[in-house]
Amino acid sequence: MATTVIVGAVGSGKSTALTERYLNWVRGGVRTEQVLVLAAGAAQVTAWRQRVALEAFGSLEVFSFFGFLQRELNLHWGAVQAQVAELRSWVQPAFLPSEVANELVRGLVEPYEAQFSDTLKAKPRRIAAQIAGGLSTVAAAAGLDPAAMAERMALAGRPDRAGLYDSVRAILEAHRAQCLRAGVLDYALSLELFTQVLVPQATYREHLRQRYRYLLVDDLDETVPAEQDFLEAVSRLVDEAVFAYGTDGGHRTFLGADPQGAWERFGAGRDGMVALPGSHTCVPRAFAFGDALARRIQGEAVAERFPGMVAEHMVLDLRSDLIGAVVRRLGELLDQGEAPGEIVVLAPTVERALEVTARRALAERGVAVWNLSPTRRILDEPHARALITLAGLVNPAWGILQAGAGALSALLQVLAGLDPVRAAELGEVTAQAGELPELPTPEGRHLRAWVEQARQRQRPWEPDEFVQTAMAEVLAPLTGSLSPELFSACQQLLGRASRFREAAERFGPGAFSSRYVRLLTDGTAVVPPSLPTAPAVVLATPYAYLSSGLSSRVQVWFDISSNGWYPADVKELTNPHILGRRWPAGEPWTDLQHSRTRQAGAARLVRALVRRCIGQIILGECNLSAWGQEQEGGLAEAFTDLAGPAPAPEGRWAP
Amino acid sequence: MTFALRPDQERVAAYRGGYMAVPAVPGAGKTTVLAYLAADLIAGGFPAPGRILIVTYTNSAVGNFRSRVGDFLEQRGLPRSAGYEVRTIHSLALRIVRERPEAIGWADTFTVADETTLGEILSRLTSGWIARNRTIWESMVREDLSGGFRSRAEEQWEERTRSLVRTLIQTFKSRRVSPQAAYTLSRTLPPDSALRWAADIYTEYQRELAALGAVDFGDLMLGAWQILNQDAALLARLQKRWTYLFEDEAQDSYRLQEQVLRLLAGPGGNLVRVGDANQAIMGTFTSAEPDLFRRFCEEPGVDLCPLTMAGRSSQDVIDVANELVRWTANHHPEHDLRSALLPQYIEPVPPDFEPANPRPDRYKIATRLYDTYNDELSELARMAGALLGRYPTQTMAVLLPTNAMVAVLLEQLEALGIPARTLGGPTDPERQRTMLDLLAAFEFLAAPHHADEDAFARFARWLPQTLLPPDELVLTIALDMGLAGEELAIAHHLALRLGLFLQDEPGFTLTEAAAHLRDELQAMGRFADTLYDRKGFKPLPGLVYVTTCHAAKGLEWDTVFVGALTRSEYPAMRTDKVRSELWFLPDDRVNPEAVAVAELDALLGGDPGADPVALAKLDVIGERLRLLYVAVTRARENLLLSHHRQDRWEKKAHPTLPYMSLKTFIDRRKSQEGE
């Protein structure tokens with residue numbers, strides 16, 4: 001029943017303290033399966049597992065909250081089915097991947113498109129993603145059903161949109177109904193079934209009580225209200241609960257995280273609080289600087305000045321020139337002996353231009369770029385694209401081959417080993433004939449024979465089956481071993497195809513009709529970052545960097561006059577703050593709240609970033625955005641105010 | 001160097017707050033005095049903690065203002081960029097919307113659609129509408145036309161219907177009429193009302209744009225107005241940010257734009273509007289309403305501080321400009337047009353003030369008559385070339401009424417090997433070079449088997465890169481070419497646009513990307529202009545600027561040729577033909593836009609006037625008079641006015657009436673000079 005909250009900033013040692021508790025218990029004879037550890041996300045779960053793996057034997061009960069509830073719903077499916085009749089025809093639940101959820105909702109949005117486009121200026125794909133992702137997720141995190149969500153959103157200053165939100169409600173209810181019928185759970189339904197069906201059952205609570213003696217929660221500041229309900233319930237069932245609360249966290253408000261709610265519920269004014277001062281990932285003066293910067297961003301008058309805190313502040317007119325200057329600076333840092341992995345370039349949006357320029361310049365020094373916020377799409381990998389084109393060639397009914405000669409030319413370069421000129425010529429011939437001509441290379445002859453055979457197959461190809469077969473029979477013989485990028489892209493492609501098939505089996509093909517092609521060829525799907533194979537400079541958005549748990553000796557803050565440094569979690573359809581539990585019902589959402597929220601978001605981000613820098617901060621500012629618009633985000637001004645326009649002579653912080 | 005204020009500028013520079021109107025004659029140095037005033041206010045701490053917002057019309061004007069204010073601040077020992085912002089009106093609207101796009105239902109990723117996209121959507125929707133309503137649409141064409149005339153009429157009518165619909169949709173927006181309201185309102189009109197057609201298309205047009213996550217410029221201004229209106233807290237925040245508002249070229253404001261600026265200034269706020277009603281020449285192109293500025297000047301509580309002195313031109317040029325005003329106000333045979341130019345006369349700068357008016361050693365104003373249109377253009381080209389050789393340090397321009405004439409003259413100059421460039425029209429090819437090079441590379445790489453040897457030599461080095469994603473390929477080629485500065489920025493921007501395009505069209509490869517690049521040329525040209533113009537613009541000696549009179553606004557040259565002063569280009573009488581009137585429509589509908597806008601104003605409770613077609617014709621004629629005034633006042637000391645006797649279709653051409661009066665005036669002065 002004892003609950004301890006460890007409170008501290010980034011780098012104060014909260015996770016280490018939690019880990020020590022864990023290991024002490026284990027060393028004292030507690031079995032690892034008796035300790036439930038909940039961390040904020042996949043990366044944090046992996047880090048936890050790595051930290052305790054050496055000493056802890058037995059199965060580790062380390063999860064993200066969503067991972068945990070998925071496991072529990074699987075394990076206790078019978079108890080859920082007992083109360084939800086619609087689910088009784090399914091032996092096990094299936095979980096709906098977000099991209100499939102988006103496509104399903106997009107289908108439901110279609111009848112309402114005219115209504116949406118009369119009120120919103122947004123692409124249908126974005127609207128569907130906001131309904132399936134943002135609204136549904138955040139409402140569920142706060143325990144709101146679609147009707148309550150629609151009412152709140154309309155009440156908070158958007159009465160003219162009551163009709164619109166009524167349609168959103170209808171879409172979400174239809175989506176929920178189809179998911180129940182299919183026994184497929186998206187995030188919202190999983191959360192609802194777990195918190196409202198499973199957890200309230202006495203037998204399940206008794207099961208939890210017997211199973212766990214200890215509860216450890218890292219990143220309490222990133223938890224959503226529904227999770228906090230659960231933590232409160234479990235902390236009463238276990239012998240001891242220890243939570244770590246980051247005073248500069250709460251970056252996931254866009255997903256419904258409620259750091260203040262967590263603090264009020266578990267921290268404020270309670271016994272059992274352990275405060276960890278300072279930070280190991282920055283020096284005391286930087287610690288104070290981060291605080292001052294955050295206060296300045298939120299409009300407070302800050303008297304203290306921090307000369308020398310910024311090693312260099314580059315100001316250029318054009319963004320492209322700034323990219324050049326930053327990349328040159330990276331080279332100088334490396335020449336001065338800085339380790340690549342100790343340098344991070346932080347940019348509010350990581351665009352191709354920045355990544356490609358840095359990659360090219362650093363490659364000359366044998367240094368790679370590790371992009372934590374990747375921009376490379378699955379279809380940018382020529383082999384993955386060739387597989388898609390091949391799928392279109394073999395299965396014309398899939399309607400993939402809209403790209404014609406260009407795509408076929410690329411296919412012939414990749415899979416038939418033709419030079420670009422010959423490939424272009426024969427690509428054109430193929431596009432006109434609808435089938436491959438005689439090809440002059442051995443690989444080409446193999447490809448042609450394979451396509452003919454694949455086309456003649458009696459049973460229609462399933463997308464994932466096709467991708468897998470083509471990978472094995474066409475791609476593998478060509479490439480020998482797959483490069484990590486190629487492997488990753490093809491894996492992604494295969495994963496998407498498999499997830500589609502699994503969902504289609506449950507929902508029936510009618511739920512998708514021809515939309516599955518979009519799932520395979522979605523232009524927004526990116527290849528997730530893989531670990532670099534060479535020493536690498538890190539490139540990331542602030543959020544991706546903070547989520548990674550990295551800290552660096554040198555942080556280069558790119559494009560600090562961009563408004564992108566002020567997180568915009570309020571969208572045209574979604575407002576996580578209005579859907580939060582502490583939002584006063586009926587209160588209008590005005591510019592006052594909007595500005596405060598954005599400033600608070602930027603302040604949180606900036607404070608946490610400064611505290612992850614143990615060396616120097618270099619700033620890059622450009623007057624014009626990539627769109628040629630003047631920029632005037634307040635961050636540049638705040639830095640100049642506090643740290644001065646020019647760096648101190650030594651230009652570095654003492655480590 | 002310290003700047004000495006002229007007596008008329010002193011009053012303006014003494015401004016410290018409230019509403020002020022500054023009607024300024026051409027060449028009065030309004031940029032200078034406004035920049036001086038801005039720096040003075042900033043130095044005095046008046047805008048703090050806010051800033052001065054200067055709104056002007058073109059990117060080059062933004063650059064010019066920024067450079068002047070920066071200079072004045074620097075002279076006072078202050079940072080060059082502290083305490084003020086300069087924006088075009090569209091950049092201001094964008095800035096306001098970007099504060100809270102979600103508040104009006106816009107995705108924060110919204111884009112401003114380029115002309116090609118807008119044109120394609122409108123063209124398709126209009127053609128679809130015509131196909132569905134052919135009988136009504138055809139019934140508008142004069143009944144007496146048949147055979148070849150009728151088919152030509154219908155062909156032109158279809159073309160004009162597109163621009164008509166476009167204008168009317170923008171009119172709905174400038175009057176804040178939503179698609180739903182437009183539809184409902186227009187149902188009371190007869191089926192042959194063009195306003196009713198436009199209302200039908202308006203809804204579909206807005207839906208298509210919305211589904212692309214895009215807006216047009218009309219939406220942008222409307223969106224800014226909506227945001228400011230619906231959120232008092234945001235308005236208050238922006239009022240705190242921009243404590244002073246200066247509007248340049250206020251005579252070109254349109255209704256919604258004026259409303260946005262008034263909202264931002266607020267009652268009791270600080271608003272300075274500078275303009276010249278005699279230079280209001282944008283009404284035919286935009287929804288500009290010159291009367292708005294005239295009314296502002298007369299508004300109670302507005303301090304009126306005219307700038308009447310100008311050091312730009314010689315006394316002789318000033319006399320010609322003043323003569324045009326005098327003749328119009330007192331002798332224009334059409335009485336209704338006597339108010340087209342306000343009786344606001346240019347005075348020379350008093351001695352000892354800078355810049356002093358040029359003092360040529362002789363009378364340097366002339367008129368010329370040529371036999372044909374072609375003769376006139378050839379002779380202008382020849383004369384410009386000759387003068388360029390004789391006065392290599394002087395600046396020179398040929399101002400013509402249409403882009404078509406500009407293109408012909410540019411060709412002739414090129415053939416003669418005379419360096420020339422244009423302004424305001426399509427982007428200068430030099431600025432497009434990066435884009436055209438990248439396009440050529442893409443077209444080669446997409447189909448190398450169809451390429452010629454020259455393309456092979458230029459682009460074959462990138463054949464091994466053809467498997468790169470198109471946006472990455474652009475960046476790779478740019479890096480390989482060693483691009484820098486604006487050229488690199490253009491390549492980066494192109495890669496960004498291509499990347500966004502590929503999100504929507506993931507299946508597209510090099511072939512389609514090359515086609516897309518061609519479609520993007522116009523939008524990229526605008527981006528290039530934004531970049532190149534950001535540092536301001538000043539004509540250079542050593543080349544001939546050939547431009548429309550519209551694009552010459554705000555500029556000056558030592559020598560100016562104003563050509564094609566014929567009645568068809570500069571109609572001056574009700575009996576003259578005007579281009580906005582369509583020959584194939586019945587007399588009472590000859591200007592369908594005017595009829596439709598009058599219908600809309602009537603539906604909105606306004607007074608559209610008795611005969612909208614006649615009123616619209618007077619507006620057009622008045623605007624052409626002002627265009628002539630603008631053209632004449634571009635000259636510092638050499639001015640040549642010319643016309644031709646036979647047009648390019650070999651029909652007889654007559655000089656426009658105001659030219660005739662000016663010719664009489666000039667001839668008299670020349671003969672006096674001779675004496």
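Helices (H or I, at least four residues) and strands (E, at least two) are DSSP runs, numbered from the N terminus. With elements named in that way, Pro49(B) is placed in the loop between helix H2 (30–43) and E2 of chain B. The model is predicted, and the points below are grouped by topic.

**Interface of chain B and chain A**

- The contact draws on 72 residues from chain B and 66 residues from chain A, and about 5,500 Å² is buried between the two chains, 53% of it on carbon and sulfur atoms.
- On the side of chain B, Glu102(B), His449(B) and Leu467(B) lose the most area to chain A, and together they account for 11% of what that side buries.
- Across this interface the rule finds 16 salt bridges; Glu630(A) forms a salt bridge with Arg66(B), in which the closest N and O atoms are 2.1 Å apart.
- Between chain B and chain A, 31 residue pairs are in polar contact, with both residues at pLDDT 80 or more.
- Elements that give two or more residues to the side of chain B touching chain A include strand E3 (84–88), helix H4 (89–99), helix H19 (470–481) and helix H20 (485–504) of chain B, and H20(B) gives the most, with 13 residues.
- The residues on that side of chain B divide into 30 nonpolar, 19 polar and 23 charged.

**The sheet of chain B**

- Six strands of chain B form an open sheet in the order E3-E2-E6-E7-E1-E8, with parallel pairing.
- E3 and strand E8 (303–304) of chain B stand at the edges, and because each has a single partner strand, one side of each is left without a neighbour in the sheet.
- Strand E2 (residues 51–56) and strand E6 (residues 242–247) of chain B pair in the parallel sense over five bridges, and the bridge partner of Arg51(B) in E6(B) is Trp242(B).
- Helix H3 (residues 59–75) of chain B packs on the sheet, where it touches E2 and E3 of chain B, and its direction makes about 165 degrees with that of E3(B).
- Helix H13 (residues 290–298) of chain B also packs on the sheet, touching strand E1 (19–23), strand E7 (271–275) and E8 of chain B, with its direction at about 120 degrees to that of E1(B).

**Backbone details in loops of chain B**

- Ala48(B) and Pro49(B) are joined by a cis peptide bond, with omega about 0 degrees.
- A cis peptide bond also joins Glu354(B) and Pro355(B), with omega about -10 degrees; Pro355(B) is placed in the loop between helix H14 (315–331) and strand E9 (365–372) of chain B.
- Arg176(B), in the loop between helix H7 (147–174) and helix H8 (179–186) of chain B, has phi near 60 degrees, a positive value in a residue other than glycine.

Key: Residues numbered from 1 in each chain as written. Chains lettered and ligands numbered in written order. Predicted model: local features only at pLDDT ≥ 70, side-chain atom pairs only at ≥ 80, totals over all residues. Heavy atoms only, no water. Contact = heavy atoms within 4.5 Å. Buried area = accessible area lost by both parts, 1.4 Å probe. Salt bridge = Lys/Arg side-chain N within 4 Å of Asp/Glu carboxyl O. Polar contact = N/O pair within 3.5 Å; in protein donor to acceptor, adjacent residues only side chain to side chain. Nonpolar A, V, L, I, M, F, W, Y, C, P; charged D, E, K, R; others polar. Pairing = 2+ DSSP bridges. Axes fitted to C-alpha atoms, helices over the stretch in contact; angles between N-to-C directions.
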